[in-house]
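Please look over this model with me. My notes are set out point by point below.

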Amino acid sequence: MQAFFVLLTKAEFTNPPGASIFVSTSSLRSDRQVKGGVTSSSSFSYFEVMDKCTGVSAAWLLVAVLVGEMCIFSVPGLVSAENPPGSFFVDCGSTASYVDNITGITWMPDDQFIDRNSGVNANVTSASLYYPDSSELTTLRHFPDSRAKNCYSFQVTPNAIYQIRGTFFYGLYDHRSTVPSFEMIVDGTIVASINFASGADLMAYQEVMSYAPQSNLTYLCLSRDLTNSVPFISAISLVLANYTESELGNVITLNIYEGFYYLTQIRWNFGGNGIIRYPDDPVDRYWFPIKWNSSYVQSTIQPVETLTAKGLVNVMFPPSVVMNTALTTDGNMTIDIPFTRSYGWYMVIFLAELDPNATANSREFYLEVSSASVLLLNLFESKGEVWAIDYFNSANQFHIDLYKNQSISTPLGPLVNALEVFQVGQQQMALLTNKQDTLAIEEIKSSYGNLGVWTGDPCFPYPHPWLTCGNISVLGGSSSIIAV
């Protein structure tokens with residue numbers, strides 16, 4: 001995977017190596033660099049900010065964000081909310097339920113989702129220093145045993161579309177000098193490598209945005225990699241997304257039900273003031289603010305409708321509070337997003353007119369992606385609603401140009417409200433072990449108490465050592481148990 005850096009400070013920006021977001025105030029493209037940069041030096045996606053509260057470089061993907069002189073991770077205001085229906089928010093290592101006073105989410109202890117003899121609880125004292133608003137990071141469960149995998153299991157609706165996220169804050173809980181790395185598994189498929197090579201004080205998450213469990217149980221598992229590090233996990237969220245085919249689009253829906261998954265890489269809220277999540281976002285996606293000099297930010301207090309689209313495809317839109325801000329310019333804008341390798345990539349760009357005085361002749365611009373797809377946009381035609389324009393790409397970057405239509409005179413330049421990028425799974429998720437065989441193994445485990453710690457699918461991606469599985473190497477195939 002690749003790493004995305006956004007360096008935010010109160011004054012001028014210094015840009016990390018790699019490509020950047022540029023804003024131009026003239027008719028020439030990309031002549032004034034504003035903030036943002038991209039590098040490909042890591043195997044894990046993350047944002048980084050210089051934390052003026054702690055004096056250290058803070059956090060992977062889920063970060064503290066600088067607003068003036070304050071370091072915050074929050075949503076606007078204190079809230080009172082119920083958890084999304086069909087969801088699980090699990091604080092790993094915790095021993096009691098509690099309500100998060102920032103989001104209103106009720107966090108549950110993890111002992112009801114994993115065998116009581118699997119793993120060891122630990123406190124992380126440094127979490128309150130680096131992430132004071134993230135109480136779920138103050139505990140974790142680690143797995144020092146030698147088992148090939150340790151799994152959490154959740155009751156779900158088969159073939160419904162879910163979003164699952166694992167969150168990890170190391171914080172030197174084990175007082176070791178070597179930071180760990182390990183694998184994250186969803187059902188029977190290794191979806192991500194988790195590593196902390198950039199620092200022990202960083203928090204990471206990996207999120208599978210859309211997948212459809214095959215049975216009434218779904219698993220999130222951790223496994224050792226070649227480093228033989230001890231896996232751990234701080235929190236798990238599993239949300240029933242209830243995306244419809246019209247929201248996701250025909251291609252994505254087909255991919256998901258064929259067993260492919262979408263791994264979140266970027267989720268940007270241009271012009272935002274802090275991380276937006278639940279309850280503003282009904283499935284608790286994290287929208288990270290990209291905000292520069294206020295002269296480049298457009299905002300409105302009028303809600304932007306996000307339930308219908310006039311764009312080229314219907315998708316699950318950002319919440320209204322995200323669409324109410326945008327980055328704009330009188331000139332042109334360029335966004336470069338390079339990748340370290342050529343996976344299948346999926347990007348969605350969200351746009352909405354926010355200027356209350358806009359007319360049919362005030363803003364018209366081209367959206368060009370990777371010098372191939374070119375669209376002429378006039379957002380006034382759908383004022384108050386959202387354009388959602390999506391792209392698939394198997395190359396090693398997205399290069400986005402937004403520039404004025406020079407054939408007519410328009411006072412307003414291009415704008416962009418939000419952007420998401422996903423890595424499409426390189427292979428179909430394993431179809432797991434034959435259901436009858438799995439039920440038989442569960443019966444055996446219930447009869448022999450010492451087998452309870454062997455959790456997850458019996459055969460995928462690694463079989464329990466006391467089983468012999470057939471067809472284990474077949475991509476996208478299921479397996480049967482030959483012998484116990």
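1. Basis. This is a predicted model, in which local features need pLDDT of at least 70, side-chain atom pairs count only at pLDDT 80 or more, and totals for chains, interfaces and linings use all residues. Residues are numbered from 1 along each chain as its sequence is written, and side-chain values use heavy atoms, with hydrogens and water left out.

2. Whole chain. The chain has five helices and 34 strands; these are DSSP runs, helices being H or I of at least four residues and strands E of at least two, numbered from the N terminus. Of its 484 residues, 61% are buried, meaning under 20% relative accessible area with a 1.4 Å probe and protein chains only. The accessible surface comes to about 18900 Å², and carbon and sulfur atoms hold 52% of that (Shrake-Rupley method, 1.4 Å probe).

3. Contacts. Take contacts (heavy atoms within 4.5 Å) between residues at least 6 apart in sequence: 73% of them join residues at least 24 apart.

4. Cores. The largest nonpolar core has 46 residues, and Tyr152, Phe168, Tyr211 and Ile233 touch the most other members. Such a core is a set of buried Ala, Val, Leu, Ile, Met, Phe, Trp, Tyr and Cys residues joined through side-chain atoms within 4.5 Å. Apart from this core lies another, of 32 residues, including Met333 and Phe398.

5. Tyr152. Leaving out residues up to four places away in sequence, Tyr152 touches residues including Cys92, Phe143, Leu220 and Ile233. Cys92 counts as buried, at 0% relative accessibility.

6. Sheet. Three strands form an open sheet in the order S11-S12-S19, with antiparallel pairing. S11 (120-123) and S19 (232-233) are the edge strands, each pairing on one side only. Pairing requires at least two DSSP bridges between two strands. S11 and S12 (residues 139-142) are joined by four bridges. Asn123 stands opposite Thr139 in S12.

7. First disulfide. The sulfur atoms of Cys151 and Cys221 are 2.1 Å apart, where a disulfide requires a pair of cysteine sulfur atoms within 2.5 Å. Cys151 sits in strand S13 and Cys221 in strand S18, 70 residues apart. The S-S torsion is about 110°, so this disulfide is right-handed. Both cysteines, Cys151 and Cys221, are buried.

8. Cys459 is joined to Cys469, S to S 2.0 Å. Cys459 lies in the loop between helix H5 and strand S33, and Cys469 in strand S33, so the link ties parts 10 residues apart in sequence. With -80° about the S-S bond, the link of Cys459 and Cys469 is left-handed.

Definitions and conventions
Buried < 20%, exposed > 50% of the residue type's maximum accessible area, 1.4 Å probe, protein only.
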